[in-house]
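Let's walk through this structure together, from the overall fold down to a few individual residues. Keep the viewer open as you read.

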Amino acid sequence: PRSRWIGDRWRLLLLFFLVSIGIHPSSADKPIQLSNDQIISEILASIQRQRQQQQGVQRPHVTLTFAQSLDGKLAPSNDGDCSTAANYPLSGPESLELTHALRSIHDGILIGGRTLSIDNPRLNNRLWKDALCRQPRPIVLDPSLKHVHKLNGLLRASNPLILCSDHLDPPANDQGNYHVVPCPVLETGKLDLHQALQLLKDDHGIQSIMVEGGAAILKSFLSEGLFDDLCITIAPMWLGPGVGISLDQLLLPMTPKARIQYRQLGNDVILLLCKLL
């Protein structure tokens, strides 16, 4: 049947992708048939086990999550300024439910300022219904506060923490709908992510953070090794020129030091890498 042919072709493409970034699944890794809810619950449990094993780490537990095409693109090239890696519709509805489930097990959800001003996301859990689910605290990296000001108080996220440069003299937030957190800045003008994470944990009780994007923020966390779990949704499409993250360069050095799982969820494949202690 055609549906089976498409499934077999997709599995071959996935195998090619995994091998290209240094992951060699054995026959023992072949996923068994589970419901979507079971797959999502299994992924959540893996991240929570990883978090428990790393309780001695001083900074918050960090999970990076994003969707990409088979050719490693988070979004197509766009000459305009109306699309980000966070809002391009790559993944299917089952993967969107996974995103909301992941939000429910983290204290904070972090995005960049550009993603905030373009998408104005709510950054909460609306799709995963669990007896123990909770709402995370939205967190935004906006060194100059230009993106939060661009929204003119029309933030949809509930009471976000806005990480900005400690060189600024932040104006009063008349509406009281966000909280500014001044952070040290590097010579490059970017926020010191190590110090920012520590401030979030020490001053705001953020023990776990899910980083959703955009691409520049994800690359910064990846390049500095500031993550414990990496949850990638791989969509069965080819985008061509666009915004991407070079996983082969970033992941090849760490694959021997990571526990790797993959599951098919709807038409997508979820790749989960958990760093080994």
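A residue counts as buried under 20% relative accessible area, as exposed over 50%, and as partly exposed in between. Arg122 has a relative accessible area of 37%, so Arg122 is partly exposed. Please keep in mind that this is a predicted model.

With that scale in hand, zoom out to the whole chain. The protein chain has 277 residues, and 48% of them count as buried. Its secondary structure comes to eight helices and 11 strands. Among contacts with a separation of 6 or more, 72% are between residues 24 or more positions apart. The accessible surface of the chain is about 13700 Å², and carbon and sulfur atoms hold 52% of that area.

Now turn to the interior. In soluble globular proteins, nonpolar side chains tend to be buried together. Here the largest nonpolar core has 35 residues, and Leu64, Leu163, Val211 and Phe221 are the ones with the most contacts inside it. Helix α7, residues 215-223, supplies the largest share of this core, with five residues. Select Phe221 to see its surroundings: beyond neighbours within four places in sequence, Phe221 is in contact with Val62, Leu64, Leu110, Leu141, Leu193, Leu197, Val211, Leu226 and Phe227. There is also a second, separate core, this one of 28 residues, including Ile47, Ala101, Trp128 and Val148.

Helix α2 (36-53) and the strands β10 (258-265) and β11 (268-275) each give at least two lining residues, with β10 giving the most, three residues.

Is Gln50 buried or exposed? Its relative accessibility is 2%, so Gln50 counts as buried. Leaving out residues up to four places away in sequence, Gln50 touches His61, Asp228, Asp229, Arg259, Cys274 and Lys275.

Next, go back to Arg122, which sits in the loop between α4 (113-119) and β4 (137-141). Which residues does Arg122 touch, not counting those up to four places away in sequence? They are Pro138, Arg156 and Ala157. Arg156 is 34 residues from Arg122 along the chain, yet their C-alpha atoms are separated by 5.1 Å.

Our last stop is Asn159, found in the loop between α5 (146-150) and β5 (161-165). Its relative accessible area is 37%, and Asn159 is therefore partly exposed. Setting aside residues up to four places away in sequence, Asn159 touches Arg137, Asn177, Tyr178 and His179. For Tyr178, 19 residues away along the chain, the C-alpha separation from Asn159 is 4.5 Å.

One shows the largest nonpolar core, with Phe221 among the residues with the most contacts inside it.

Technical notes. Residues numbered from 1 in each chain as written. Predicted model: local features only at pLDDT ≥ 70, side-chain atom pairs only at ≥ 80, totals over all residues. Heavy atoms only, no water. Helix = DSSP H or I, 4+ residues; strand = E, 2+ residues; numbered from the N terminus. Buried < 20%, exposed > 50% of the residue type's maximum accessible area, 1.4 Å probe, protein only. Contact = heavy atoms within 4.5 Å. Areas by Shrake-Rupley, 256 points an atom, 1.4 Å probe, with all protein chains shown as cover. Core = buried A, V, L, I, M, F, W, Y, C linked by side-chain atoms within 4.5 Å.
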